[in-house]
Amino acid sequence: MARTPATSRRALLFGTAAVSAGALLTACTSNEPKDQEGAADNAAPVADDKPGKQVTIGFAGPQADHGWLNAINDNAKSRAKKYSDVTLEITEGSNDTAQQIGQIQTLINKKVDVLVILPADGKALTQVGLQAMRAGIPVVNLDRVFASPQAYRCWIGGDNYGMGLNAGHYIGEQLKDTKNAKVVELAGLDNLELTQQRTKGFDDALKNYPNIKKVARQAADFTVESGQAKMAQLLQAQSKFDALWNHDDDQGVGALRAIEQAGRDDFLMVGGAGAKSAMDAIKAGDSVLKATVLYPPTMAASAIDLARALGQGKGVGGLAEFEIPSSLTLYSAVVTKDNVDQYLPTGFI
């Protein structure tokens with residue numbers, strides 16, 4: 001198994017650079033010609049598709065009990081297969097924090113080169129992240145953030161506030177000429193910070209459109225069944241509204257069932273996360289669903305890219321810094337009929 005010398009591993013663990021990415025880290029490559037004038041001549045090596053030093057990456061995530069989480073696992077596996085110099089040690093997903101901690105400790109004891117961890121609970125797994133870092137194993141913290149930045153070398157994840165913001169702006173632009181427009185919101189689990197962030201982003205965006213008022217909100221729990229039940233309640237309580245934002249495409253399947261059963265087609269709907277079923281419906285154009293705001297599971301593929309770069313002691317192409325960033329926030333693109341073909345390959349089942 002390839003190992004990084006202690007001195008260079010120390011630099012990998014505690015190098016500090018941060019960036020907020022407006023797009024996915026689709027590949028850690030450099031397209032700059034070798035003879036380019038200036039500082040590029042003395043730049044540190046960056047990761048590319050050419051085989052390099054062998055790297056063993058340990059991957060630990062929660063149970064894939066949701067389409068998005070299943071897509072996370074699939075993206076990590078398929079990305080690792082792309083590289084002949086990467087060996088992926090993947091655990092069986094678990095939502096039990098004690099079990100996931102045990103799985104990560106097993107990977108630490110195996111002395112993997114880099115860890116990619118999507119914690120079932122970021123706060124509860126912070127200590128095992130710290131344990132890995134102190135053992136000299138850099139951690140790529142995927143999406144659900146640890147309570148301490150000392151528990152990871154790099155965080156990469158989605159933008160929940162940005163999801164709500166972009167959903168609100170899309171709806172706002174569609175309704176900006178509608179007098180006294182009304183919108184409703186079908187949220188996720190209210191006890192989750194991510195749900196609160198999505199709602200705040202949505203509300204902040206709507207403040208830019210004085211003609212629009214949010215008249216109702218229901219919280220579901222990211223399941224088809226809850227989406228159908230809560231949407232039915234919204235439809236019964238609100239006889240007339242102009243737009244709906246649904247936080248999650250899985251629960252959106254149920255919401256669409258309730259809408260169809262009620263015979264309603266007098267409003268537009270915007271989904272969230274980027275399920276293939278939602279993109280298919282957007283492309284077909286035969287339902288109220290007109291857009292979905294991404295929370296891209298491709299972040300797992302990018303996490304593998306980052307882990308490989310860390311393991312090989314390389315940076316990210318296109319950036320001037322010698323190290324990979326300490327933070328990467330992915331953009332929540334709005335998928336509509338105009339661009340759905342571009343994003344369909346990323347849709348999760």
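**Figure 1. Packing of helix H5 against helix H6 in a predicted model.** In this predicted model, the axes of helix H5 (residues 160-175) and helix H6 (residues 193-206) come within 6 Å and cross at roughly 35 degrees. Axes are lines fitted to C-alpha atoms over the stretch in contact, with angles from 0 to 180 degrees between N-to-C directions. The crossing of H5 past H6 is right-handed (the near helix is turned clockwise from the far one by less than a right angle). Contact means heavy atoms within 4.5 Å; H5 contributes residues including Met-163, Gly-164, Ala-167 and Ile-171, and H6 residues including Leu-194, Gly-201 and Phe-202. By class, nine residues of this contact are nonpolar, six polar and three charged, with Gly counted as polar and Tyr as nonpolar.

Figure 2. His-66 lies in the loop between strand S1 (55-60) and helix H2 (67-82); helices (H or I, at least four residues) and strands (E, at least two) are DSSP runs. With a relative accessible area of 16%, His-66 is buried (under 20%, 1.4 Å probe, protein chains only). Leaving aside residues up to four places away in sequence, His-66 touches Phe-222, Asp-248, Asp-250 and Phe-348. The side chains of His-66 and Asp-250 make a polar contact at 3.3 Å (N or O atoms within 3.5 Å, one able to donate a hydrogen and the other to accept it).

**Notes.** Residues are numbered from 1 along each chain as its sequence is written, and side-chain values use heavy atoms, without hydrogens and water. Local features need pLDDT of at least 70, side-chain atom pairs count only at pLDDT 80 or more, and totals for chains, interfaces and linings use all residues.

Terms used:
Buried means under 20% relative accessible area, exposed over 50%, partly exposed in between (1.4 Å probe, protein chains only).
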